[in-house]
Amino acid sequence: MTVFLAVVIIIAGAVSFFFPKFGWEMKHGWTVDGETGPSDDYIMLTKISGFIIMAVGLVLFIYRMIV
């Protein structure tokens with residue numbers, strides 16, 4: 001079960017890191033009209049948080065494989 005959770009966390013972090021606009025589109029994109037999009041700060045912070053989430057998932061995965 002822990003390995004499955006680690007894989008899900010890694011996938012969520014990867015989506016956040018590689019596709020930072022996806023979360024904005026899902027949360028805010030449908031409410032706005034025109035050519036608006038996420039700010040550069042939003043994209044940067046989403047990528048940073050995605051990397052941290054992937055790292056946590058990887059540590060959890062490696063820990064579970066060792067123990």
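**Ring pairs and a helix crossing**

Visitor: Which residues of α2 and α3 meet?

Guide: Happy to start there, with contact meaning heavy atoms within 4.5 Å, and helices being DSSP runs (H or I, at least four residues) numbered from the N terminus. This is a predicted model, where local features need pLDDT of at least 70 and side-chain atom pairs count only at pLDDT 80 or more, while totals for chains, interfaces and linings use all residues. Residues are numbered from 1 along each chain as its sequence is written, and side-chain values use heavy atoms, leaving out hydrogens and water. From α2 come Pro20, Lys21, Gly23 and Trp24, and their partners in α3 are Tyr42, Ile43, Thr46 and Lys47.

Visitor: How many aromatic pairs does a search of the whole structure find?

Guide: Rings of Phe, Tyr and Trp (its six-membered ring) pair if their centres lie within 6.5 Å; planes under 30 degrees apart are stacked, over 60 edge-to-face and the rest tilted. Searching the whole structure gives two.

Visitor: What kind of pair do phenylalanine 17 and phenylalanine 18 form?

Guide: Their centres are 5.0 Å apart. With 85° between the planes, the pair is edge-to-face.

Visitor: And which kind do phenylalanine 17 and phenylalanine 51 form?

Guide: This pair links helix α1 (residues 2-18) with helix α3 (residues 40-66), its members being 34 residues apart. The centres lie 6.4 Å apart and the planes make 50°, so by the cut-offs the pair is tilted.

Visitor: Which residues form the one aromatic cluster?

Guide: Phenylalanine 17 pairs with phenylalanine 18 and with phenylalanine 51. The cluster is therefore Phe17, Phe18 and Phe51.

Definitions and conventions
Helix = DSSP H or I, 4+ residues; strand = E, 2+ residues; numbered from the N terminus.
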